[in-house]
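Subject: Structure handover

Hello,

Here is the structure I said I would pass on. My notes on what turned up in it follow below.

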Amino acid sequence: MDKTTCIQLLEEHDIKPTANRIVVAEALASSMLPQSLAELERRIQTIDKSNIFRALTLFREHHLVHTIEGGSDGIRYELCHSHSHDHDDDQHPHFYCEVCQQTYCLDGVEVPQLPLPQGFQPHSTNYIIKGICPHCQSES
């Protein structure tokens, strides 16, 4: 995703496209896998950890990123394919490989709808499957 597209994406989510936010959005867009804060910090040498975290927090508030919990290194971030700054309509499961410790998006796979007891109102779903990825299976 080029800089112009990142700027448009930020603006679509009502986020002012500052230089730091553009760099963080570009780093997320160029990654094939969800990224941890530490991974983004290593990739983005021009911005300190606190500014990267502030951008991610703002992105999450505006539904530009969603978080994945449950891997070995805490929270991971990925760009939403959502087109709304009000809610995340990009709900999909993730797969965590217990061998290589990578987290993969399972785009195109629907998160099963679970019947909740009366009075419960879900806002998001964090659905992660753990096991061994195809790459690690072929190496064993």
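Strand β4 (residues 94–97) is buried along its length: His94 and Tyr96 point one way, Phe95 and Cys97 point the other way, and all are buried. Please keep in mind that this is a predicted model.

With β5 the strands run antiparallel, joined by three bridges, and His94 stands opposite Cys105 of β5. The hairpin formed by β4 and β5 has five residues between the strands, and Gln101 there takes a positive phi near 60°. With β6 the pairing is parallel and extends over four bridges; here Tyr96 is the residue that stands opposite Lys130.

Most residues other than glycine have a negative phi. Asp14 is not a glycine, yet its phi is positive, near 60°. Asp14 sits in the loop between α1 (3–12) and α2 and counts as partly exposed, at 46% relative accessibility. His63 is another non-glycine residue with a positive phi, about 60°, and is located in the loop between α4 (49–61) and β2.

How many salt bridges does a search of the whole structure find? The search gives one. The side chains of Arg76 and Glu39 form a salt bridge, with an N to O distance of 2.6 Å. Arg76 belongs to strand β3 (residues 74–79) and Glu39 to helix α3 (residues 37–43), so the pair ties together parts that are 37 residues apart in sequence. Are these two residues buried or exposed? Both Arg76 and Glu39 are buried.

A polar contact of 2.6 Å links the side chain of His66 to the side chain of Glu78. His66 is part of strand β2 (residues 65–71). With a relative accessible area of 9%, His66 is buried, because the limit for that label is under 20%.

On the helices, I checked the length of α2 (residues 19–30). Its 12 residues, at 1.5 Å a residue, should span 16 Å, and the end C-alpha atoms are 17 Å apart, which agrees. The buried residues of this helix are Ile22, Val24, Ala25, Ala27 and Leu28. As a reminder when viewing that list, an α-helix has 3.6 residues a turn, so residues three or four places apart point the same way.

That leaves the loop between β5 (103–105) and β6 (128–131), where Leu114 is found. Leu114 is exposed, with a relative accessible area of 63%. Together with Leu116 and Phe120, Leu114 forms a nonpolar patch on the surface, and the accessible area of these residues together is about 360 Å². Gly119 also has its place in the loop between β5 and β6. At a relative accessible area of 77%, Gly119 is exposed, because the label applies over 50%. Gly119 and Ile44 are 75 residues apart along the chain, and their C-alpha atoms are separated by 43 Å.

Regards

Methods: Residues are numbered from 1 along each chain as its sequence is written. This is a predicted model: local features need pLDDT of at least 70, side-chain atom pairs count only at pLDDT 80 or more; totals for chains, interfaces and linings use all residues. Side-chain values use heavy atoms; hydrogens and water are left out. Patches are made of residues with over 30% relative accessible area and no salt bridge: like charges are joined within 9 Å, nonpolar side chains (Val, Leu, Ile, Met, Phe, Trp, Tyr) within 5 Å. Accessible areas come from the Shrake-Rupley method with a 1.4 Å probe; for residues, only the protein chains shown count as cover. A salt bridge is a side-chain nitrogen of Lys or Arg within 4 Å of a carboxyl oxygen of Asp or Glu. Helices (H or I, at least four residues) and strands (E, at least two) are DSSP runs, numbered from the N terminus. Buried means under 20% relative accessible area, exposed over 50%, partly exposed in between (1.4 Å probe, protein chains only). A polar contact is a pair of N or O atoms within 3.5 Å; within protein, one must be able to donate a hydrogen and the other to accept it, and residues adjacent in sequence count only if both atoms are side-chain atoms. The expected span of a helix is 1.5 Å times one less than its number of residues. Two strands pair if DSSP finds at least two bridges between them.
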